[in-house]
Amino acid sequence: MDSLIKLEHINFWYDKGKPSELWALKDVSLEIGRGEYAAFFGPSGSGKTTLLYLIAGVEQSQQGKIFVNSRDIGSFSKQELAIYRQVGVGMIFQQFNLIPSLSVLNNVALPMSFLGISSARARNEAMRLLERLDIKELADRLPFELSGGQQQRVGVARALANNPPIIIADEPLGNLDSTNAQRVLEFLKELNEKDGRTIIMVTHEAWSLKDVKRIFYVKDGAVVKTEESQPKTIAESLSQHLYEQLSPELTKSEVVVRSLASMLLRGYSLEEIKRFEYFLSQRFAGHIDGEVFRGVLDRPFREGGVGLWKQKAFKVSRYVEDILTEKKEVEEVYTELERNPESPLKDEVERIRAWLLEGYHGTVNELQQIQIDELISDRLRNVIGSEAFRKILNLPKKQYGVGLPFRATQRISEKLELVLARGEKRPAGSLQGV
Ligand code: ADP
Ligand code: MG
């Protein structure tokens, strides 16, 4: 790897030497290649933002070294550091961080004026950036007059102002709806692939990792795992994960438990995931009820629980109970299909469709509903595999697809796959449904 950023045994403390001292980064070593798209992924408070600030030269570590372009940024003079921060790195924030009293154009031009670029030229360049982000017509507005999605595009334009080779984005999707989040992701991908910029994103949402090539899992101030991946969709990762889990001894429901556990607790430690898997399988087998299950989720780890935060525990248990209810319904559909393979299943399919579309805020017209119902019916009968199901949902209408947004199709198909798996052992050789 042609390394651009290299961290060597970084330790970092907030308030070092004070009673409030906090050891935020613990012996972190990592490398990010030139032109790479990397992400720090992990629960909140794990040290992701701190890592970004160290790389951006906003904070300095007390121990360890950071090399950028083979130069130790800890040895920079004050002036070199200021230049590095202005020209080396562009930052995108979750809260946008625009200056409320400045127009959109001036917000974008500001980093250039710090470098002493004439204001006429800065405004010209800023206009070009607004054009690239497709928000030229907003140039004279103030930030509060913009939607969140528009503000984030201004934030991206500002990050690009001094044409930095490195773009750092701290939870850039956190305050956006799914359409705008998708747009920002597309743009980050473009900055990486077309401009060749090195991107480092912080996120705690698994779906936003779809284009990322290197994932650093961060936990309690340490990088606990590094994953290098060919860009692939979450659905593909999920199905690959399912294949990996396949061994002759595993029943389909065990496969589901494993994939559900790793999906819901992505970024957590292996011990936590293992323990969660155990309770999940107990719940799936009906050995414990929903209330007991919820109880063990937020019980502290050393007391035998999974140790999730209360809110996370609540969300996870609701998701699991919802899957279980739906699985029961699908079991009945299978029973019906065994009795009569030609059974039309109209009501059942419509109900499953409504369940799958819960939480989807886009509109679905009548034709799309019919298409989705056909797809569900085909998938239930195993006429099509999971990947085909997802692809057709996403394909544009012109190509006879349903034309749903990419992110929605991933969520919908993952949800469906979770309830399709049945409890009994899988007949040998029938991998199609996976
Ligand atoms: P993340 O971005 O993963 O949520 P952070 O890097 O923001 O995590 O925080 C890591 C740890 O450092 C947390 O325990 C947080 O409370 C603490 N921390 C963050 N910023 C400061 C600060 N300015 N002063 C003291 N502690 C901080
Ligand atoms: Mg953070």
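A salt bridge is counted here when a side-chain nitrogen of Lys or Arg lies within 4 Å of a carboxyl oxygen of Asp or Glu. By this rule the predicted model holds 27 salt bridges. The model is predicted, so local features need pLDDT of at least 70 and side-chain atom pairs count only at pLDDT 80 or more, while totals for chains, interfaces and linings use all residues. Residues are numbered from 1 along each chain as its sequence is written, chains are lettered from A and ligands numbered from 1 in the order in which they are written, and side-chain values use heavy atoms, with hydrogens and water left out.

Side chains of opposite charge can pair when their charged atoms come close. E36 and R214 form one such salt bridge, with 2.9 Å between the closest N and O atoms. E36 sits in the loop between strand 2 (22–33) and strand 3 (37–41), and R214 in strand 9 (residues 214–219), so the pair ties together parts that are 178 residues apart in sequence. Helices (H or I, at least four residues) and strands (E, at least two) are DSSP runs, numbered from the N terminus. Both E36 and R214 are buried. Buried means under 20% relative accessible area, exposed over 50%, and partly exposed in between (1.4 Å probe, protein chains only).

A further salt bridge joins K210 to E186, where the closest N and O atoms are 3.7 Å apart. K210 belongs to the loop between strand 8 (198–203) and strand 9, and E186 to helix 6 (residues 178–193), so this pair ties together parts that are 24 residues apart in sequence. K210 is buried, at a relative accessible area of 9%. E186 is partly exposed, at 37%. Elsewhere, salt bridges link R132, E190, D195 and R197 in a network.

The protein is assigned domain 1 (36–61 + 71–236) and domain 2 (245–420); the bounds come from an automatic or database domain assignment. Taken over C-alpha atoms, the centres of domain 1 and domain 2 are 34 Å apart. In domain 1, 19 residues are in contact with 12 residues of domain 2. Contact means heavy atoms within 4.5 Å. Domain 1 and domain 2 bury about 1,300 Å² between them, 56% of it on carbon and sulfur atoms. Buried area is the accessible area (1.4 Å probe) that two parts lose on being put together, summed over both. Across this interface the rule finds 1 salt bridge.

E272 and K219 also form a salt bridge, their closest N and O atoms being 3.5 Å apart. Both E272 and K219 are buried.

Helix 4 (residues 119–132) has 14 residues. From first C-alpha to last it reaches 20 Å, close to the 20 Å expected at 1.5 Å a residue. The expected span is 1.5 Å times one less than the number of residues. The buried residues of helix 4 are A122, A126, L129 and L130. Seen down the helix axis, these buried residues fall within an arc of 100°, so they line one face of helix 4. The arc is that of the directions from the helix axis to the C-beta atoms. The buried residues pack against helix 3 (104–114) and helix 5 (148–159). The face turned away from the buried side carries the exposed residues A120, N124 and R128. Just after helix 4, D134 takes a positive phi of about 65°.
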